[in-house]
Amino acid sequence: MLVIPAIDIMGGNCVRLLQGDPDRETVYSSDPVSMALGFQEAGARLIHIVDLDGAFSGEPVNRKIVASIASSVTIPIEIGGGIRNEEAIRIYADHGIRRIIIGTMALDPSFRVILDRYRDILVAGVDARDSMVATHGWKNVSTVRALDVIREIESLGIHELIYTDIATDGMLSGPNIQAMKEILNAFPGMGLVASGGISSLDDIRKLMELESYGLKGCITGKALYDGRIDLREAISRFG
């Protein structure tokens with residue numbers, strides 16, 4: 001199972017938000033590139049990056065920083081946030097990024113042609129609160145069930161999914177194991193990455209028990225920055 005460190009970028013800084021709320025921000029570094037290099041040195045095989053400004057504005061904002069990270073590390077990165085049209089996908093693809101995270105825009109019929117062009121580098125991202133899908137930087141919580149959206153995404157031929165549980169994200173309260181189990185049981189062919197709530201090595205161990213059901217990895221952020229998890233140790237033990 002991959003243990004994937006997260007870098008969330010807002011205002012050029014490496015930050016963490018509680019439950020995605022921009023008014024509950026903690027700045028951990030002014031140098032996301034150095035942070036990425038540190039994760040690589042600790043043994044990370046993949047880095048998860050979110051352009052938070054992009055997620056709120058609807059278009060890539062910190063793309064220069066993301067491009068700098070991509071050119072500075074030798075391991076793959078994945079990027080999400082503000083990727084809602086072909087131009088945004090092309091911007092990152094042109095920088096050699098081969099894991100580009102898209103949200104519910106994938107369900108728009110007008111996106112089908114784009115999907116066919118970029119299918120090999122697209123990863124679905126579904127963010128939910130109480131199993132209901134949230135969009136636009138988590139500002140809007142819909143009445144659409146996450147499982148229904150995942151079913152539609154799977155029908156499009158996208159077989160990798162990052163599922164973020166908003167209620168636990170940044171709260172260090174433990175991951176939503178039940179939600180992950182439901183997804184893995186409903187979609188056995190889906191390569192699932194769990195995000196939200198990881199606070200300790202024990203939380204990662206609990207998630208690793210789902211590896212046999214298809215869990216591909218887990219994303220951790222705040223626990224790393226707060227020193228609750230040592231990335232090198234977590235990768236050595238689990239990833």
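In which helix do D148 and R151 lie, and how many residues apart are they? Both belong to helix α6 (residues 146-155), where 3 residues, about one turn of the helix, separate them; helices here are DSSP runs of H or I with at least four residues, strands are runs of E with at least two, and both are numbered from the N terminus. This is a predicted model, in which local features need pLDDT of at least 70 and side-chain atom pairs count only at pLDDT 80 or more, while totals for chains, interfaces and linings use all residues. Residues are numbered from 1 along each chain as its sequence is written, and side-chain values use heavy atoms, with hydrogens and water left out.

The side chains of D148 and R151 form a salt bridge at 3.3 Å, N to O, the term meaning a side-chain nitrogen of Lys or Arg within 4 Å of a carboxyl oxygen of Asp or Glu. D148 is partly exposed at 30% relative accessible area, and R151 is partly exposed at 43% (buried is under 20%, exposed over 50%, partly exposed in between, with a 1.4 Å probe and protein chains only).

A search of the whole structure finds 14 salt bridges. One of them joins E78 to R99, with the closest N and O atoms 2.8 Å apart. Because E78 lies in strand β5 (residues 77-80) and R99 in the loop between α4 (86-93) and β6 (100-102), this pair ties together parts that are 21 residues apart in sequence. E78 is buried, with a relative accessible area of 1%, and R99 also counts as buried, at 13%.
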